[in-house]
Amino acid sequence: MEKSIEELERQFNEKIEKGIKIEPKDWMPDRYRKQLLRMMSQHAHSEVVGMLPEGNWITRAPSLKRKTVLLAKVQDEGGHGLYIYCGAETLGVDRSEMIQQLLDGKAKYSSIFNYPTVSWADIGTIGWLVDGAAIVNQTLLAKGSYGPYSRAMVRICKEENFHHRQGYELISTLMSGTPEQRAMAQDSFNRWWWPTLMMFGPSDAHSPNSGELLKWKVKLMTNDELRQRFIDRTIPQAEALGITIPDPDLKYNPETKHYEYGQPNWEELTNVINGNGPCNKQRLNTRIEAEANGQWVREAAEAYAAKRAMKQAS
Ligand code: FAQ
């Protein structure tokens, strides 16, 4: 006998409650599928677009060792995009469709990748702050309710830890260098601090998706809770390096054991999300060009697969 929607919904909620993962062939509410697809496609696009600001510096890395590390990191980010696209495809949408939405400017990706990398120190700052923020978020996403997404996150977090360390080490090297190198590291921190805090999304009072995502345990903490966790971890690291935090309102509250901080410029986040950040157009144009340049590779791969299938059938 076919189960009623109410019964399917009851079983789905029971699984979520008990921490049993939802798998691609399981019944799920349409909104759950849509929310996951929205979030996963945005996340996959972020990884791929996220290769661009750092990729800019591969040819300008100051030593062979730094170049090797940077190359490995940028390639990792491409791989993360692929894991997440695969995960998103289990929800019934083809990767090419998701990519087309990105190229048409209809799909979002993280605001952080619309800022320029103007100095070598930015490469260290991205690893330390941006990957550091990604780890705080993704460690919890790895415990989320949708099997393919949470499993992709486990592997990704391991790689992000290496990214975070190499960034911190790079900044630590600059901070023990000449006055010019220290100034370059501080200037970079000043430019990336606030955009990094915005990566966690709008404040809880202005986050329309959080309610559903928390109810379904896709997200396990709110945007503000994650932002606080990141700040509490990062300030002692900055202090150890001798970096000054560009926030006059920042202070430690010994009672709550948390840092209190000033508010990011939320209008800036809205502008960047809506396509008007410093590098939005440049990033999208680079992806459009890369897609066109890769067309012959996809065609060749398809022709090879078709030929092989014909050979096997004959
Ligand atoms: N940028 O209701 P909420 C990385 C949008 S990967 C752009 O709070 P939600 C690794 C949001 O989509 C970084 N858009 O949304 C790396 C929604 O619009 P929609 C990416 C943003 O989903 C390192 C609207 O605002 N990580 O860094 C942003 O509950 C180095 C309302 O917001 C992920 O994507 C933003 N910052 O929470 C790679 C993690 N914030 O879709 C290369 C997965 C909000 O309704 C180099 N995603 N919006 O039209 C998430 O955790 C969540 O989706 C949030 C947003 C936290 C991003």
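## Close-up views of a predicted model

Figure 1. An oxygen atom of the ligand sits 2.8 Å from an N or O atom in the side chain of Arg 38. The model shown here and in the other views is predicted. Ser 207 also faces the ligand: a polar atom of its side chain is 2.7 Å from a ligand oxygen. Met 198 uses its backbone instead, with an N or O atom 3.3 Å from a nitrogen atom of the ligand.

**Figure 2. The ring pair of Tyr 32 and Trp 216.** The structure has 12 aromatic pairs. In this one, the ring centres are 5.6 Å apart and the planes meet at 85°, so the pair is edge-to-face. Planes over 60 degrees apart carry that label. Tyr 32 belongs to helix H2 (residues 30–49), while Trp 216 is in the loop between helix H9 (210–215) and helix H10 (223–241). The pair therefore ties together parts that are 184 residues apart in sequence. Tyr 32 counts as buried, at 1% relative accessibility. Trp 216 is buried as well, at 6%.

Figure 3. Ser 145 is placed in the loop between H6 and helix H7 (147–175). Its relative accessible area is 7%, so Ser 145 is buried. The side chains of Ser 145 and Tyr 32 make a polar contact of 2.9 Å. Ser 145 also contacts Trp 216, the ring partner of Tyr 32.

Figure 4. Trp 128 lies in helix H6 (residues 121–141) and Phe 189 in helix H8 (residues 179–198). The pair thus ties together parts that are 61 residues apart in sequence. Trp 128 is buried, at 1% relative accessibility. Phe 189 is also buried, at 1%. Ring pairs extend the picture into a cluster, made up of Trp 128, Tyr 168, Phe 189, Trp 193, Phe 200 and Phe 230.

Figure 5. Thr 117 is in the loop between helix H5 (95–103) and H6. At 9% relative accessibility, Thr 117 is buried. Its side chain reaches the backbone oxygen of Pro 53, at 2.8 Å. Leaving out residues up to four places away in sequence, Thr 117 touches Pro 53, Asn 56, Trp 57, Asp 122, Ile 126 and Trp 192. One of these, Trp 57, has Arg 60 over the face of its ring. Arg 60 is 4.0 Å from the ring centre.

Figure 6. Most residues other than glycine have a negative phi. Lys 217 has a positive value, near 60°. At 28% relative accessibility, Lys 217 counts as partly exposed. Lys 257 also has a positive phi, near 65°. Lys 257 is found in the loop between strand S1 (251–253) and strand S2 (258–260). Its relative accessible area is 58%, so Lys 257 is exposed. The cut-off for that label is over 50%.

**Figure 7. Cysteines without disulfides.** A search of the whole structure finds zero disulfides. The cysteine sulfur nearest to that of Cys 157 belongs to Cys 86, 18 Å away. A disulfide would need the two sulfur atoms within 2.5 Å. Cys 157 is buried, at 9% relative accessibility. Cys 279 is buried too, with a relative accessible area of 4%.

How values were computed:
Residues numbered from 1 in each chain as written. Predicted model: local features only at pLDDT ≥ 70, side-chain atom pairs only at ≥ 80, totals over all residues. Heavy atoms only, no water. Phe/Tyr/Trp six-rings, centres within 6.5 Å; stacked < 30°, edge-to-face > 60°. Helix = DSSP H or I, 4+ residues; strand = E, 2+ residues; numbered from the N terminus. Buried < 20%, exposed > 50% of the residue type's maximum accessible area, 1.4 Å probe, protein only. Lys NZ or Arg CZ within 6 Å of the ring centre and 35° of its normal. Polar contact = N/O pair within 3.5 Å; in protein donor to acceptor, adjacent residues only side chain to side chain. Contact = heavy atoms within 4.5 Å.
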